[in-house]
Amino acid sequence: MDRINEEKELEMSYLEKTLEFVKKSLIRSENELQERVSKLISSGKDMWENSSHSSNDFDKIPEMTEHLMEVNKDNRNFYKVEKEIKKYKAMLEAPYFGRFDFKEDNFDGEDKIYIGLHNLMDSDSNEIYVYDWRAPISSIFYRMELGKADYISPVGEITGEVTLKRQYKIERSQIQYFFDSSITINDEILQNVLSRNSSTKMKNIVETVQKEQDIIIRDTDNELLIVQGVAGSGKTSIALHRIAFLLYMSLRLNSNNIIIISPNSIFSNYISNVLPELGEENVREITYEGIVREVINNNTLKIENRNNALEFIINNQQSVKSSQKVKSIEFKSSLEFVKLLDRLLDYYEHKLIYFQDIYYDGKIIETKGQLKNLFLNNKINMPMTKRLKRIENIILHKVHPMRRKRLGKIENIVKNSYGHEFEEKSFSRLLAIKEANVFMKKLRSFTDISYFQVYKSLFFKKGLFFKLAKGLKLPENIEEIIAETIDNLSKGFISFEDSAPLLYIKLKVEGSEEFKEMKQVVIDEAQDYYPIHYKIFSILFRTARFTVLGDINQSIEKNKYKDIYDEIENILNKKRSLKLFLKKGYRSSFEINSFAKKLLNSNEYLNAFERHEEKPEIIVKNSLEEVNEGIKITAANYYKQGYKSIAVVCKTEGEKCKAYESLKKIMDVKLLDENNREVKSGTVIVSSYMAKGLEFDGVIIYNAAVSVYSTELDKKLLYIACTRPLHKLTIYSMGENSMFIR
């Protein structure tokens, strides 16, 4: 008992010492911030007073530039100090969450290593109070047990022995409890964290990172990291922690070099807090639809997004049109179709650009043969439009010195013609301009091409599609697919299945500079993308490293296949790649996870963390009115039990809107969609496929009747819905239950 009390006193003493240093650092930073503010105001005032405000002050421009540089420097210093203040305030609440004692080989004594969200060091004495969880030595806390241990430091491998591992629960600057553990993260602390209520934003998981998760977070060897993780395994959270780790470790990487491709804007908003909590901000997030809009950038085209395509497919599963839509998506997103597009581009370059002999002032500048040879000589793999623009510039460069002589000839003609004797100069210029316009129109008839016209030619030019498709495997309904495509493109409507091919053509024809600064790309919900999308990613992010995360069990409109990750690996084609599997789900209780596992109807792994709660409740009602009333009662019961975030999950967006109109009359419920994308506490109503990646304290399935969930696709949607809750799952059905939940 004496030893326990002694340890407790020592820990309280260290916490007090650490907090005292944090408080002093906070006061120092707050004082510095005030100085920075004053200096920033003073610099701005000086710049205004000494800068040019009229054309008479041009002599002041060098001084203005100097002042501007000084203001920008002060601005950066201001935000740096502001960030430090934010860090110290967070550390006052809980400066650390773990500790291990490490005795390095060939050195006397033990180092007590405290682990927290941020580094805390006294620059005067070089004493480190707290190590950042991302520091190389901190990997021991996540990966090693008591006994022999090692880690990779900047100077090489360090070996030694771990003699103690300790975990803390600190709240409001007070130690609630601490305990020693021999394994990485003790189940007790994990149980405590996972038993908490869900929040409106995803939270960091630095306290509970598991060994297999830490391996993913700290990987720096591979250019491509592929992670298959079951629902609730923490894939996205791990990816965000990985970003924070990479930013911490690399001097050559900043937040502007990283992009996260999210499944939708709801999810982007949901994860927006994690990186700021970890001390990193301004990492760009974008959806695939956002990439399409940004790169194509054409307001005259109406582009269908994936959610609209899904809604059509789900609502019309038994129809011929829905089946045709699925087959069209599969074909136009396949590597076979990419081959066809590459053949189209090659054919277009060789056969469909109609070069002409170029004359100026009666002299030939370039023959069409010369122009074609110059165009096809593409040793540096320059995009088509850039090569054509280069040809245009070469011709204009040759014509430029001939223009004055040509104008002189026109003036002589005008001078000797009747009716324009008194307007020789002006009329000659007018004729020269008209002649130049005709010349440019002829030149640009082959140097100015449209990626949209290139794509259209595949379907509109008679016989071309089947000529180029020779030897490729085509779907049985290819004639219907072509007819539908012609009809859509004629109206300027780009279906979901045409958006990726059109984007691919544009990138190949014009090139892309939009994302050239990106060095790290995170792709979430990898199973939602097709081969053509990964071809596009490989073009857009040519020199970047990739972290790709998915769950094949959450594929929707396409059949799941394990070799999707091999396909991704081949397409992205990086020198070093690694595939990892996360088999344990931490989000839901053991009972909910077990229920969801039955929906998979296979031997797929889905190991549940053993946090036990009530089994899912299945309730049958006779009418939708009774279902609505039941949902109201269930939600109220959830609130009474202390749960704060509840989702009513509907199968589709259409069902969601109808349910919302009914439920809002009897209870407080909010819509969750692209227009209302913030996950709030209370009861929200969301469609199954828009709920991907989200989590809630409790989930209520709106209507799981046999008439609603009856197909394999429906089962996938039900699986997604049932893997969203942390604590409670209630399933309502009007009439007979779906066969999947009996």
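Which residues in α13 meet which residues in α14? The views below come from a predicted model.

**View 1. Helix α13 against helix α14.** On the α13 side, L371, L374, F375 and L376 make the meeting. On the α14 side, their partners are M384, R387, L388, R390, I391, I394 and I395. This contact counts nine nonpolar residues, two charged and no polar. Helix α13 spans residues 368–376, and helix α14 spans residues 384–399. Their axes come within 10 Å and cross at roughly 135°. That angle makes α13 oblique to α14. The crossing of the two helices is right-handed.

**View 2. Helix α17 packed on helix α20.** Helix α17 covers residues 451–460, and helix α20 covers residues 496–510. The axes lie 9 Å apart, at an angle of about 125°. The two helices are therefore oblique to each other. α17 passes α20 in a right-handed crossing. From α17, the contact uses Y451, F452, V454 and Y455. From α20, D498, P501, L502, I505, K506, V509 and E510 take part. Eight of the contact residues are nonpolar, three are charged and none is polar.

**View 3. R611 in the loop between β19 and β20.** Strand β19 is 607–608, and strand β20 is 617–621. R611 has 2% relative accessibility, so this arginine counts as buried. The cut-off for buried is under 20%. The side chain of R611 joins that of H727 through a polar contact of 3.4 Å. Y586 is also shown: R611 and Y586 are 25 residues apart in sequence. In space, their C-alpha atoms are 8.6 Å apart.

Note on methods
Residues numbered from 1 in each chain as written. Predicted model: local features only at pLDDT ≥ 70, side-chain atom pairs only at ≥ 80, totals over all residues. Heavy atoms only, no water. Axes fitted to C-alpha atoms, helices over the stretch in contact; angles between N-to-C directions. Helix = DSSP H or I, 4+ residues; strand = E, 2+ residues; numbered from the N terminus. Parallel < 35°, antiparallel > 145°, perpendicular 65-115°, else oblique. Left-handed = near helix turned anticlockwise from the far one by under 90°. Contact = heavy atoms within 4.5 Å. Nonpolar A, V, L, I, M, F, W, Y, C, P; charged D, E, K, R; others polar. Buried < 20%, exposed > 50% of the residue type's maximum accessible area, 1.4 Å probe, protein only. Polar contact = N/O pair within 3.5 Å; in protein donor to acceptor, adjacent residues only side chain to side chain.
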